[in-house]
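Please read the points below with the model open beside you.

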Amino acid sequence: MSALFNFQSLLTITLLLICTCAYIRSLTPSLLDRNKTGFLGLFWKSARIGERKSQYIATACVLMAVNILFWS
């Protein structure tokens, strides 16, 4: 089944995208800062969400990991 039709998989992919973009931006900020509009702006926006809502994103990642490990 595709991740687009399974809500848990879609949520996992979204969390991984946010965490990965925030990590890449912490290493090389210029890589994501030059693409703030268009399709590549999605990665810049994901990085900003990861930076500003880091406690909530971290909590969501831990809860998703527990859910995948023990209930799936």
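1. Tryptophan 71 is exposed, with a relative accessible area of 66% (exposed means over 50%, buried under 20%, and partly exposed in between, with a 1.4 Å probe and protein chains only). Please keep in mind that this is a predicted model, in which local features need pLDDT of at least 70 and side-chain atom pairs count only at pLDDT 80 or more, while totals for chains, interfaces and linings use all residues. Residues are numbered from 1 along each chain as its sequence is written, and side-chain values use heavy atoms, with hydrogens and water left out.

2. Tryptophan 71 belongs to helix H4, which covers residues 54-71 (helices are DSSP runs of H or I with at least four residues, strands are runs of E with at least two, and both are numbered from the N terminus). Across residues 54-71 the chain is 100% helix and 0% strand, with 25 Å between the end C-alpha atoms.

3. For residues 54-71, an unreviewed UniProt entry lists "transmembrane region"; such annotations may be inferred rather than shown by experiment, and the positions are given in the numbering used here, with feature names shortened.

4. How many disulfides does a search of the whole structure find? The search finds zero, where a disulfide is a pair of cysteine sulfur atoms within 2.5 Å. For cysteine 21, the closest cysteine sulfur is that of cysteine 19, and because 9.5 Å separates the two, they are too far apart for a bond. Cysteine 21 counts as buried, at 5% relative accessibility.

5. Cysteine 61 is also in no disulfide, with the nearest cysteine sulfur, that of cysteine 19, 3.3 Å away. At 25% relative accessibility, cysteine 61 counts as partly exposed.
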